[in-house]
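Please walk through this fold one piece at a time.

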Amino acid sequence: TCQERLGKWEEAKHNLESIPLNHPRSPEALKGLARVALERSDYENVLFWLDKGRELFPDLFADSFVDYTRAQAAIALDRPEQIRSIRNSAAKLYAPSDAWMNLMDAAVEQYEWAKSHTAEVP
(Lines give C-alpha, C1' and ligand atoms only; values in the text may rest on other atoms or scores of the structure.)
Protein backbone atom coordinates (compact mmCIF):
# COMPACT_ATOMS: atom_id res chain seq x y z
CA THR A 1 0.00 0.00 0.00
CA CYS A 2 2.83 2.40 0.83
CA GLN A 3 4.53 1.71 -2.49
CA GLU A 4 1.25 2.30 -4.32
CA ARG A 5 0.78 5.64 -2.57
CA LEU A 6 4.36 6.62 -3.42
CA GLY A 7 3.79 5.73 -7.07
CA LYS A 8 6.31 2.90 -6.98
CA TRP A 9 4.18 0.72 -9.21
CA GLU A 10 6.74 -1.89 -10.20
CA GLU A 11 7.80 -2.47 -6.60
CA ALA A 12 4.19 -2.63 -5.44
CA LYS A 13 3.35 -5.11 -8.20
CA HIS A 14 6.33 -7.30 -7.32
CA ASN A 15 5.46 -7.39 -3.62
CA LEU A 16 1.76 -7.97 -4.18
CA GLU A 17 2.48 -10.82 -6.59
CA SER A 18 4.67 -12.48 -3.95
CA ILE A 19 1.70 -12.96 -1.59
CA PRO A 20 0.54 -16.61 -1.87
CA LEU A 21 -3.08 -17.22 -2.82
CA ASN A 22 -3.70 -19.10 0.42
CA HIS A 23 -2.57 -16.13 2.54
CA PRO A 24 -5.27 -14.26 4.52
CA ARG A 25 -4.36 -11.02 2.72
CA SER A 26 -4.64 -12.50 -0.78
CA PRO A 27 -7.92 -10.73 -1.58
CA GLU A 28 -6.32 -7.38 -0.71
CA ALA A 29 -3.28 -8.29 -2.82
CA LEU A 30 -5.45 -9.08 -5.85
CA LYS A 31 -7.28 -5.78 -5.48
CA GLY A 32 -3.92 -4.05 -5.13
CA LEU A 33 -2.66 -5.68 -8.31
CA ALA A 34 -5.79 -4.47 -10.09
CA ARG A 35 -5.20 -0.92 -8.78
CA VAL A 36 -1.57 -0.99 -9.95
CA ALA A 37 -2.67 -2.24 -13.37
CA LEU A 38 -5.34 0.48 -13.54
CA GLU A 39 -2.82 3.15 -12.64
CA ARG A 40 -0.56 1.90 -15.43
CA SER A 41 -3.45 1.70 -17.94
CA ASP A 42 -2.85 -2.04 -18.19
CA TYR A 43 -6.51 -2.85 -18.67
CA GLU A 44 -6.01 -6.50 -19.59
CA ASN A 45 -4.47 -7.09 -16.17
CA VAL A 46 -7.14 -5.02 -14.42
CA LEU A 47 -9.68 -7.50 -15.75
CA PHE A 48 -7.42 -10.47 -15.05
CA TRP A 49 -6.85 -9.62 -11.38
CA LEU A 50 -10.46 -8.66 -10.66
CA ASP A 51 -11.79 -11.75 -12.41
CA LYS A 52 -9.27 -13.92 -10.51
CA GLY A 53 -10.46 -12.34 -7.28
CA ARG A 54 -14.08 -13.03 -8.15
CA GLU A 55 -13.20 -16.62 -8.95
CA LEU A 56 -11.21 -17.27 -5.76
CA PHE A 57 -12.97 -14.95 -3.30
CA PRO A 58 -16.46 -14.31 -4.69
CA ASP A 59 -17.88 -12.76 -1.52
CA LEU A 60 -15.02 -10.27 -1.19
CA PHE A 61 -15.20 -9.18 -4.84
CA ALA A 62 -18.99 -8.86 -5.06
CA ASP A 63 -19.29 -5.10 -4.90
CA SER A 64 -20.29 -2.37 -7.28
CA PHE A 65 -16.84 -0.75 -7.31
CA VAL A 66 -15.29 -3.96 -8.66
CA ASP A 67 -17.90 -4.08 -11.43
CA TYR A 68 -17.46 -0.38 -12.18
CA THR A 69 -13.70 -0.89 -12.50
CA ARG A 70 -14.22 -3.93 -14.73
CA ALA A 71 -16.54 -1.89 -16.94
CA GLN A 72 -13.99 0.94 -17.17
CA ALA A 73 -11.31 -1.55 -18.25
CA ALA A 74 -13.62 -3.11 -20.85
CA ILE A 75 -14.46 0.38 -22.16
CA ALA A 76 -10.75 1.22 -22.46
CA LEU A 77 -10.23 -2.03 -24.38
CA ASP A 78 -13.24 -1.28 -26.62
CA ARG A 79 -15.08 -4.53 -25.87
CA PRO A 80 -18.78 -3.77 -26.35
CA GLU A 81 -20.02 -7.29 -25.59
CA GLN A 82 -18.05 -7.48 -22.36
CA ILE A 83 -19.22 -4.00 -21.36
CA ARG A 84 -22.86 -5.00 -21.86
CA SER A 85 -22.33 -8.25 -19.97
CA ILE A 86 -20.75 -6.48 -16.99
CA ARG A 87 -23.46 -3.81 -17.01
CA ASN A 88 -26.33 -6.29 -17.27
CA SER A 89 -25.07 -8.57 -14.51
CA ALA A 90 -24.34 -5.58 -12.24
CA ALA A 91 -27.86 -4.22 -12.80
CA LYS A 92 -29.23 -7.44 -11.30
CA LEU A 93 -27.04 -7.16 -8.20
CA TYR A 94 -27.07 -3.51 -7.18
CA ALA A 95 -29.75 -0.94 -6.52
CA PRO A 96 -30.23 1.74 -9.18
CA SER A 97 -29.33 4.27 -6.48
CA ASP A 98 -25.87 2.71 -5.92
CA ALA A 99 -23.27 5.40 -6.63
CA TRP A 100 -20.88 3.09 -8.53
CA MET A 101 -23.81 1.72 -10.53
CA ASN A 102 -24.74 5.28 -11.51
CA LEU A 103 -21.18 5.98 -12.58
CA MET A 104 -21.07 2.74 -14.56
CA ASP A 105 -24.33 3.61 -16.30
CA ALA A 106 -22.95 7.04 -17.21
CA ALA A 107 -19.65 5.61 -18.47
CA VAL A 108 -21.40 2.96 -20.57
CA GLU A 109 -23.83 5.54 -21.96
CA GLN A 110 -20.96 7.86 -22.86
CA TYR A 111 -19.08 4.98 -24.52
CA GLU A 112 -22.12 3.91 -26.54
CA TRP A 113 -22.91 7.48 -27.57
CA ALA A 114 -19.32 8.07 -28.70
CA LYS A 115 -19.28 4.76 -30.63
CA SER A 116 -22.55 5.54 -32.40
CA HIS A 117 -21.41 9.03 -33.41
CA THR A 118 -17.92 7.94 -34.42
CA ALA A 119 -19.43 5.33 -36.74
CA GLU A 120 -21.19 8.11 -38.67
CA VAL A 121 -17.95 9.88 -39.58
CA PRO A 122 -16.76 8.81 -43.07
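The secondary structure of this protein comes to 7 helices and 0 strands. Helices (H or I, at least four residues) and strands (E, at least two) are DSSP runs, numbered from the N terminus. Along the sequence the pattern reads α-α-α-α-α-α-α. This is a predicted model, in which local features need pLDDT of at least 70 and side-chain atom pairs count only at pLDDT 80 or more, while totals for chains, interfaces and linings use all residues. Residues are numbered from 1 along each chain as its sequence is written, and side-chain values use heavy atoms, with hydrogens and water left out.

The C-alpha atoms fill a box of roughly 50 × 35 × 20 Å, taken along the principal axes. Of the 122 residues, 31% are buried. Buried means under 20% relative accessible area, exposed means over 50%, and partly exposed lies in between (1.4 Å probe, protein chains only). A contact means heavy atoms within 4.5 Å. Among contacts between residues at least 6 apart in sequence, 51% join residues at least 24 apart.

Take helix 4 next. Helix 4 covers residues 43-56, 14 residues in total. From its first C-alpha to its last, helix 4 reaches 20 Å, close to the 20 Å expected at 1.5 Å a residue. The expected span is 1.5 Å times one less than the number of residues. Which residues of helix 4 are buried? They are Val46, Leu47, Trp49, Leu50 and Gly53. What covers them includes helix 2 (9-17), helix 3 (26-39), helix 5 (64-76) and helix 6 (80-93).

Two packed helices are described by the angle between their axes and the distance between the axes. Axes are lines fitted to C-alpha atoms, for helices over the stretch in contact, and angles run from 0 to 180 degrees between N-to-C directions.

Begin with helix 3. The axes of helix 3 and helix 4 come within 8 Å and cross at roughly 165°. That makes helix 3 roughly antiparallel to helix 4. Angles under 35 degrees count as roughly parallel, over 145 as roughly antiparallel, 65 to 115 as roughly perpendicular and the rest as oblique. Helix 3 passes helix 4 in a left-handed crossing. A crossing is left-handed if the near helix is turned anticlockwise from the far one by less than a right angle, and right-handed if clockwise. On the helix 3 side, the contact is made by Leu30, Leu33, Ala34, Ala37 and Leu38. Helix 4 contributes Tyr43, Asn45, Val46, Trp49, Leu50, Lys52, Gly53 and Leu56. By class, this contact of helix 3 with helix 4 has 10 nonpolar, 2 polar and 1 charged residues. Ala, Val, Leu, Ile, Met, Phe, Trp, Tyr, Cys and Pro count as nonpolar, Asp, Glu, Lys and Arg as charged, and the others, Gly among them, as polar.

Zoom in on alanine 34, which is found in helix 3. Alanine 34 is buried, with a relative accessible area of 5%. Leaving aside residues up to four places away in sequence, alanine 34 touches Val46, Trp49 and Leu50.

The loop between helix 3 and helix 4 holds serine 41. Serine 41 has a positive phi of about 60° although it is not a glycine. Its relative accessible area is 45%, so serine 41 is partly exposed.

Now turn to helix 5. Helix 5 has 13 residues and reaches 18 Å from its first C-alpha to its last, close to the 18 Å expected at 1.5 Å a residue. Helix 5 is mostly covered, with 10 of its 13 residues buried. Among them are Val66, Tyr68, Ala71 and Ile75. Their cover includes helix 3, helix 4, helix 6 and helix 7 (99-118).

How do helix 4 and helix 5 meet, and at what angle? They pack at about 150°, with their axes 9 Å apart. The two are therefore roughly antiparallel to each other. Their crossing is left-handed. Helix 4 brings Tyr43, Val46, Leu47, Leu50, Asp51 and Arg54 to the contact. From helix 5 come Val66, Asp67, Thr69, Arg70, Ala73, Ala74 and Ala76. By class, the contact of helix 4 with helix 5 has 8 nonpolar, 1 polar and 4 charged residues.

Past helix 5, aspartate 78 sits in the loop between helix 5 and helix 6. Aspartate 78 has a positive phi of about 55° although it is not a glycine. Aspartate 78 is partly exposed, with a relative accessible area of 39%.
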